[in-house]
Amino acid sequence: MGWKEILEDAVDDSFSTSFEERDGKVVPTTEDVGSKQAVSLSATFLYADLAGSGAIAAACPWETTAKIIRAFLDCSTRLIRAYEGEIRSFDGDRVMGVFIGDSKNTHAVKCAQEIYYCTEKIIGPKALKKFTSVSNANIHLRCGIGVDTGTARAVRAGIRNNNDLIWIGRAPSMAAKLSDVRDYPYCVTIHGDVYKNMNAGVKVNDDGSEIWESRTFKFAGKDHDVFRSKFIRKPW
């Protein structure tokens with residue numbers, strides 16, 4: 001059998017699969033989901049992306065680029081875990097966190113604000129001081145963070161020994177798209193459903209002033225209400 005026939009059979013097999021769907025109580029891992037299973041989960045998804053990493057790679061030695069990306073992912077991962085989120089994907093300079101529970105929206109938004117702080121106040125200044133290539137190119141490290149909430153399904157994809165979970169639903173896809181928004185200093189963008197369901201304390205500054213601006217974002221052919229913010233939260 002040639003490769004064309006093998007691939008055709010694989011597509012036919014994928015298209016004919018009937019999924020056994022079950023409700024998830026925890027964020028599943030790849031091992032938790034069978035090849036013909038789908039785990040339904042009410043969750044909030046956070047995507048954090050180091051903006052402009054291509055420009056960093058062009059201006060800096062590869063070791064410097066690697067150290068900067070690793071520092072960003074290290075801080076992001078620590079903060080996601082600190083806010084009871086689970087890490088389920090790394091993609092280059094991007095990480096995805098999944099939050100569940102009654103405080104999932106508030107936790108995800110606070111986490112996003114603190115990742116922004118780390119990028120702006122810790123990683124960026126330290127990189128400028130440490131690496132000549134960064135200072136010579138006057139690189140200002142920035143991030144993009146998107147957050148959305150809703151019901152998603154986790155499905156295993158790939159082949160034996162080479163597979164991972166994929167997440168089906170608006171929330172993971174929208175969070176990823178929102179993390180691509182480049183409108184500095186508005187580095188955190190959240191869906192309106194997140195805004196409606198997060199605690200009032202993360203909607204305002206210490207003086208009670210609103211920290212979010214309403215915008216419209218087109219996704220999958222529809223306009224969605226989203227909110228952007230330039231507020232940064234110092235980790236405690």
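Me: What volume does the second largest pocket have in this model?
Reply: This is a predicted model, and in it the second largest pocket comes out at about 190 Å³.

Me: What makes a residue part of that lining, and which residues are they?
Reply: A lining residue needs an atom within 4 Å of a pocket point. Here that picks out Lys67, Ile68, Ala71, Cys75, Ile122, Ile123, Lys126, Ala127, Lys130 and Phe131. Helix 3 (62-82) and helix 4 (104-130) each supply at least two of the lining residues, and helix 4 has the largest share, with five.

Me: How many residues of each class are in that lining?
Reply: Seven are nonpolar, three are charged, and there are no polar ones. Ala and Cys count as nonpolar, and Lys counts as charged, so Ala71 and Cys75 go in the nonpolar group and Lys67 in the charged one.

Me: What about the largest pocket: how much space, and which residues lie nearest its centre?
Reply: About 510 Å³ of space lies in it. The lining has 16 residues, with Ser14, Ser35, Arg156, Ala157 and Gly158 nearest the centre. Helix 1 (3-15), strand 5 (142-159) and strand 6 (162-168) each give two or more residues to that lining, and strand 5 gives the most, five. By class it divides into seven nonpolar, five polar and four charged.

Me: Why is Trp3 called exposed?
Reply: The cut-off is over 50% relative accessible area. Trp3 has 63%, so it counts as exposed. Its place is in helix 1. Trp3 also belongs to a nonpolar surface patch with Met1, Ile6 and Leu7, and together the four have about 510 Å² of accessible area.

Me: What makes Arg88 and Glu86 a salt bridge?
Reply: The nitrogen has to be within 4 Å of the carboxyl oxygen. The N to O distance for Arg88 and Glu86 is 3.9 Å, so the pair passes the test. In general, side chains of opposite charge can pair when their charged atoms come close.

Me: Are those two buried or partly exposed, and why?
Reply: Buried means under 20%, exposed means over 50%, and partly exposed is in between. Arg88 has 17%, so it counts as buried. Glu86 has 27%, so it counts as partly exposed.

Me: How do you know that Asp148 and Arg170 link distant parts of the chain?
Reply: Start with the bridge itself: their side chains meet at 2.9 Å, N to O. Asp148 is in strand 5 and Arg170 in helix 6 (residues 170-178), 22 residues apart. Both also belong to a network of salt bridges with Asp193 and Lys196.

Me: What makes Asp223 and Lys218 a salt bridge, and why are they called exposed?
Reply: Their side chains meet at 3.1 Å, N to O, which is within 4 Å, so the bridge counts. Asp223 has a relative accessible area of 52% and Lys218 has 55%. The cut-off is over 50%, so both qualify as exposed.

Me: How many salt bridges does the whole structure have?
Reply: A search of the whole structure finds 14.

Methods
Residues numbered from 1 in each chain as written. Predicted model: local features only at pLDDT ≥ 70, side-chain atom pairs only at ≥ 80, totals over all residues. Heavy atoms only, no water. 1 Å grid on protein atoms, 1.4 Å probe; cavity = no way out; pocket = protein on both sides within 12 Å on 5 of 7 lines; lining within 4 Å. Points joined across faces, edges and corners; volume = space filled by probe spheres on them. Helix = DSSP H or I, 4+ residues; strand = E, 2+ residues; numbered from the N terminus. Patch = residues over 30% accessible without salt bridge, like charges linked within 9 Å, V, L, I, M, F, W, Y side chains within 5 Å. Areas by Shrake-Rupley, 256 points an atom, 1.4 Å probe, with all protein chains shown as cover. Buried < 20%, exposed > 50% of the residue type's maximum accessible area, 1.4 Å probe, protein only.
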